[in-house]
Amino acid sequence: MPELPEVEVVRRGLERWAIGRTVASAEVLHPRAVRRNDGSLPDRLKGRTVVSAERRGKYLWLPLHDDPPGDGGGRPGGAEEALLAHLGMSGQLLIVDPLAPMEKHLRVRLSFTDGGPELRFVDQRTFGHLLVAPMAVRLPRPVPEPIAHIAADPLEGAFDDEEFAARLRLRRTGLKRALLDQSLISGVGNIYADEALWRARLHWARPTETLTRPKIVELLSAVRAVMTEALAQGGTSFDSLYVNVNGESGYFDRSLAVYGRQDRPCPRCGAPIRREAFMNRSSYSCPKCQPRPRNARP
DNA sequence: ATCGTAGCCTGGAGGC
DNA sequence: TGCCTCCAGGCTACGA
């Protein structure tokens with residue numbers, strides 16, 4: 001459930017604690033956590049230095065260079081690579097003292113040549129994973145190859161509002177399904193989809209092709225506003241699973257208008273918030289502010 | 001090509 | 001107390 005703001009909180013932590021450090025060793029404690037790399041991940045990390053901490057949508061990655069720089073590590077063409085991470089439902093990237101006891105759901109640990117704090121990937125439900133992947137040569141912004149199909153997220157400069165509006169109107173599906181489609185817009189998950197739809201007074205089953213361009217722009221503004229506010233509060237956390245690299249939780253859950261608030265009053269009109277099943281999950285909305293369209297589409 | 005869904009996974013909550 | 005079922009839901013693979 002970490003969405004864009006929560007992942008950005010983690011990225012900022014990595015930016016502060018991981019850049020410039022060289023991996024001494026990597027230990028995999030659960031194979032599923034590196035399922036897209038098989039057993040090669042430790043060898044592909046050892047001796048390489050973290051250049052920066054990047055994010056697109058819910059993915060984050062640490063571009064790597066060889067230390068000392070030079071031969072490309074024997075990779076084809078000396079291609080640039082990165083350590084790519086997705087937190088899934090319950091993943092955490094923690095900066096921890098090497099002597100600290102192992103977390104119950106510790107999946108991967110990276111130690112550094114400076115002997116300082118380790119980077120630990122802890123993930124209860126194992127929906128998340130790490131992999132070392134080549135960078136796709138793709139302008140204007142290089143991203144790891146496995147996520148080349150992911151669209152820009154609404155908080156990055158590369159996001160094109162006009163293109164998003166045009167592509168959304170070409171879809172023949174429900175609005176929330178489109179918002180959750182990471183190849184159309186990335187970083188939006190169930191929580192912020194519901195919050196943004198409430199702010200824009202749109203029902204989740206609204207057929208995408210019936211939205212006007214101005215309404216789509218309004219929705220994008222709502223998406224950006226709710227994400228920016230959440231980020232300012234350190235992200236949303238319902239329990240201790242959603243934490244920054246120091247294990248601390250954010251406070252945005254106190255600011256949610258509809259998500260997880262079934263039967264409680266809409267902050268705008270007072271009507272009781274409704275919960276509906278959709279796509280094997282829950283959608284929360286206000287029955288008065290967000291009336292169900294007659295031509296609703298799941 | 002596009003759209004929709006099953007299945008992956010664990011632990012907490014609630015029913016009995 | 002303990003067993004069972006449900007729920008959380010991002011993403012991939014696959015079928016229509």
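A polar side-chain atom of histidine 105 lies 3.1 Å from a phosphate oxygen of DNA strand B, a polar contact being a pair of N or O atoms within 3.5 Å (within protein, one must be able to donate a hydrogen and the other to accept it, and residues adjacent in sequence count only if both atoms are side-chain atoms). This is a predicted model, in which local features need pLDDT of at least 70, side-chain atom pairs count only at pLDDT 80 or more, and totals for chains, interfaces and linings use all residues. Residues are numbered from 1 along each chain as its sequence is written, chains are lettered from A and ligands numbered from 1 in the order in which they are written, and side-chain values use heavy atoms, with hydrogens and water left out.

The residues surrounding DNA strand B include Arg32, Lys104, Phe127, Arg171 and Arg177; a residue is near a strand if one of its heavy atoms lies within 4 Å of it. By class, this surface has 1 nonpolar, 4 polar and 6 charged residues, where Ala, Val, Leu, Ile, Met, Phe, Trp, Tyr, Cys and Pro count as nonpolar, Asp, Glu, Lys and Arg as charged, and the others, Gly among them, as polar. Sugar or phosphate accounts for 72% of the atoms of DNA strand B within 4 Å of the protein, and bases for the rest.

Chain A itself contains 6 helices and 12 strands, which are DSSP runs (H or I, at least four residues, for helices; E, at least two, for strands) numbered from the N terminus. Of its 298 residues, 54% are buried, meaning under 20% relative accessible area, with exposed over 50% and partly exposed in between (1.4 Å probe, protein chains only).

Threonine 210 sits in the loop between helix H5 (190–199) and helix H6 (213–232). This residue is partly exposed, at 31% relative accessible area, and its side chain makes a polar contact of 2.7 Å with that of arginine 206.

The cysteines form 0 disulfides, a disulfide being a pair of cysteine sulfur atoms within 2.5 Å. Cysteine 269 is in no disulfide, and the nearest cysteine sulfur, in cysteine 286, is 3.5 Å away. Cysteine 289 is buried at 10% relative accessibility, whereas cysteine 269 is partly exposed at 32%.
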